Amino acid sequence: MRYLLLLAAAAAFAADAPKVINEGYGDFLIVPGGSFKMGDNFGDGEPRERPVHQVHVDTFYIGKFEVTNGDWKKFLNSPDYDDAKLWPTGRPVPKDQSPYWKMANNHGGGTPDSDDYPVLGVNWDAATAYCNWLSKKTGKKYRLPTEAEWEKAARGTDQRRFPWGNNIDYDHANYAGAQKFDTGKEVGSYPKGASPYGAMDMAGNVMEWCQDWYSRNYYETSPKKNPQGPAKGAYRVLRGGSFFFEGQDLRSYARSGGWPSLQAWRMIGFRPARSAD
């Protein structure tokens, strides 16, 4: 009975909570708490994307867009950037070590008219530091989404293959062949590609870091409520595919991992989540 009351209270909160919040650092969209089936229900993915399993996640907010160069500049130029307490390793990444910042062909943030493009080459440590900075600035809990939260935000509860449905074309996402030179496009360039909750570019454009450690066999033992990933690992979860991927590799249940401190991937960015309160 107590569990049912808690579920009813959570549902009432989600119904009353604002659908979009903006605390000065971009729009964040509500993803109502509840259960969904996570994983490869189409049978066209990898063994690490199975078995399909029921997962419950609590209500949270997800960034409407991937973090842009303009967003990143605010952090990069802030005195807080060098605050070691924001960085998971305690060591800020030097400001001059962003590998694509001054590359015009990749719309790096240090080039003209680039503010609306996704920031590229940000490693997991820096993405986490950015989220910690948002928390410090707002007094709310910003963080990277868990892998389960990311998948629910991307595909909703009806087990669709992509955020918008089951088929993909260049009207919906930025992936290999969409441009003469495969790289990021301005966030929100594909309104037809919105997720069920209104999040943009959750397929293609740049891959996105999640909070969790990565394990290829995690789905076999994942808890049913608010899974947080393995307790430890070598890699962090990456989701969403990128401009460098073929279309079918943008599946919302596709998953992989990357070394958290490496900045060498131009196809990787991120979007924060915010805990509901």
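This is a predicted model: local features need pLDDT of at least 70, side-chain atom pairs count only at pLDDT 80 or more; totals for chains, interfaces and linings use all residues.
A salt bridge is a side-chain nitrogen of Lys or Arg within 4 Å of a carboxyl oxygen of Asp or Glu.

Figure 1. Are Glu151 and Arg155 buried or exposed? Both are buried. Side chains of opposite charge can pair when their charged atoms come close.

**Figure 2. Glu49 and Arg251 bring two loops together through a salt bridge.** Here the N to O distance is 3.3 Å. Glu49 comes from the loop between strand S3 (34-38) and strand S4 (53-57), while Arg251 comes from the loop between S8 and S9. In the chain these two are 202 residues apart, so the pair links distant parts of it. Glu49 is buried, and Arg251 is buried too.

**Figure 3. Arg274 reaches Glu23 in another salt bridge.** The closest N and O atoms of Arg274 and Glu23 are 3.1 Å apart. Because its relative accessible area is 5%, Arg274 counts as buried. Glu23 has 30% relative accessibility, so this residue counts as partly exposed. Searching the whole structure gives 19 salt bridges.

**Figure 4. Five strands line up in an open sheet.** Follow the strands in the order S1-S2-S5-S11-S6, paired in the antiparallel sense. Why is one side of strand S1 (20-21) and of strand S6 (142-143) left without a neighbour in the sheet? These two strands stand at the edges, and each has a single partner strand, so one side of each has no neighbour there. Strand S6 pairs with strand S11 (residues 273-275) over two bridges, again antiparallel. Within this pairing, Arg143 has Ala273 in S11 as its bridge partner. Helix H4 (residues 147-155) packs on the sheet and touches strand S2 (28-31), strand S5 (60-63) and S6. The direction of H4 makes about 70 degrees with that of S5.

**Figure 5. Strand S8 pairs with S7 and also with S9.** Strand S7 (residues 207-213) and strand S8 (residues 236-239) run antiparallel and are joined by three bridges. Four bridges join S8 to strand S9 (residues 255-258), and this pair is antiparallel as well. Find Arg239 in S8: Glu208 stands opposite this residue, and Arg239 in turn stands opposite Arg255 in S9.

**Figure 6. Helices H2 and H3 cross and touch.** Two packed helices are described by the angle between their axes and the distance between the axes. For helix H2 (residues 69-76) and helix H3 (residues 124-138), the axes come within 11 Å and cross at roughly 75 degrees. The two helices are therefore roughly perpendicular to each other. Which residues meet in this contact? From H2 come Asp71, Trp72, Lys74 and Phe75, and from H3 come Ala126, Ala129, Tyr130 and Trp133. Sorted by kind, the contact residues are six nonpolar, no polar and two charged.

Methods: Residues are numbered from 1 along each chain as its sequence is written. Side-chain values use heavy atoms; hydrogens and water are left out. Two strands pair if DSSP finds at least two bridges between them. Contact means heavy atoms within 4.5 Å. Axes are lines fitted to C-alpha atoms, for helices over the stretch in contact, and angles run from 0 to 180 degrees between N-to-C directions. Angles under 35 degrees count as roughly parallel, over 145 as roughly antiparallel, 65 to 115 as roughly perpendicular and the rest as oblique. Ala, Val, Leu, Ile, Met, Phe, Trp, Tyr, Cys and Pro count as nonpolar, Asp, Glu, Lys and Arg as charged, and the others, Gly among them, as polar. Buried means under 20% relative accessible area, exposed over 50%, partly exposed in between (1.4 Å probe, protein chains only).
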